[in-house]
Amino acid sequence: MSTRAASYLEAVERLPDGAMLRLEGISWDEYEHLLEELAEWRGMRVSYDHGRVEIMSPTFEHENYIGFFSRLGQVLSEEMDIVIEAAGATTFKQEQLLQGSEGDQSFYVRNASAIIGKRRIDLDVDPPPDVVVEVDITNESLRKFPIYAAFGVPEIWRYDGKQARIYRLTGQGYVEATSSLSFPCLTAHAMTEFLEQSKTQGQTAVLAAFRLWVRAALGA
């Protein structure tokens, strides 16, 4: 390991929960080496954009919301009878674009059948996820939107601890939308309401209520 790489890892090791480490002038090979070294560091999120690397250390609050979004997707899948494949915080990257990112959660919906059975995702041949989820408690994910746009991710869900927003990809980048493209019955307002309720009532109780809400929204 080079002295430079060792210094990066030392800095990551000292990173407090919720903090962000930014590195400039990082080559693609150095980025991939960092990914290998951080593979066992649970929860770290790494993005790369033309030489700039950002490494985020999540908090319990951050991970708690991600767990809620994961279960939310499962409820939607079951109630709408839609096949989905959760890809978690998979590293999506393309060397030809010199870009890479890890969402907090991601779902394959329309393209679920294309990745079932795969053990690795290669964006040179595989589709991007249909939905990427970003939870912004201590750091903002808007800077990662151009990376997702370059990959062709159709939809992003973003939660800042107070409000959930849905963004759809257009020819001019991402624009805020009232409802989900992959799950048309789901609105940003409903996500916000149920996330807020989960803070006091707990995820299990609120997800049971969310299931009933989905059924009503679908007219079931």
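Glu-95 sits in the loop that links strand S5 (91–94) to strand S6 (99–102). The model is predicted. Glu-95 belongs to a surface patch of negative charge, while strand S8 (residues 131–135) is mostly covered.

**Surface charge**
- The patch of negative charge is formed by Asp-29, Glu-95, Asp-122 and Asp-124.
- Glu-95 has a relative accessibility of 51% and therefore counts as exposed, since the cut-off for exposed is over 50%.

**Strand S8**
- Five of the five residues in S8 (residues 131–135) are buried.
- Val-131, Val-133 and Val-135 point one way from the strand, whereas Val-132 and Glu-134 point the other way.
- In a regular strand, side chains alternate between the two faces of the sheet.

**Pairing of S8**
- S8 is joined to strand S7 (residues 105–108) by three bridges, and these two strands run antiparallel.
- Within that pairing, Gln-105 has Val-133 of S8 as its bridge partner.
- S8 is also joined to strand S9 (residues 155–159), here by five bridges and in a parallel arrangement.
- Val-133 has Trp-157 as its bridge partner in S9.

**Helix H7**
- Ala-217 is located in helix H7 (residues 203–217).
- Ala-217 has a relative accessible area of 43%, so this residue is partly exposed.
- Between Ala-217 and Gln-105 there are 112 residues of sequence separation and a C-alpha to C-alpha distance of 24 Å.

Terms used. Residues are numbered from 1 along each chain as its sequence is written. This is a predicted model: local features need pLDDT of at least 70, side-chain atom pairs count only at pLDDT 80 or more; totals for chains, interfaces and linings use all residues. Side-chain values use heavy atoms; hydrogens and water are left out. Patches are made of residues with over 30% relative accessible area and no salt bridge: like charges are joined within 9 Å, nonpolar side chains (Val, Leu, Ile, Met, Phe, Trp, Tyr) within 5 Å. Accessible areas come from the Shrake-Rupley method with a 1.4 Å probe; for residues, only the protein chains shown count as cover. A salt bridge is a side-chain nitrogen of Lys or Arg within 4 Å of a carboxyl oxygen of Asp or Glu. Lys and Arg count as positive and Asp and Glu as negative; His and the chain ends are not counted. The place of a charge is taken as NZ of Lys, CZ of Arg, CG of Asp or CD of Glu. Helices (H or I, at least four residues) and strands (E, at least two) are DSSP runs, numbered from the N terminus. Buried means under 20% relative accessible area, exposed over 50%, partly exposed in between (1.4 Å probe, protein chains only). Two strands pair if DSSP finds at least two bridges between them.
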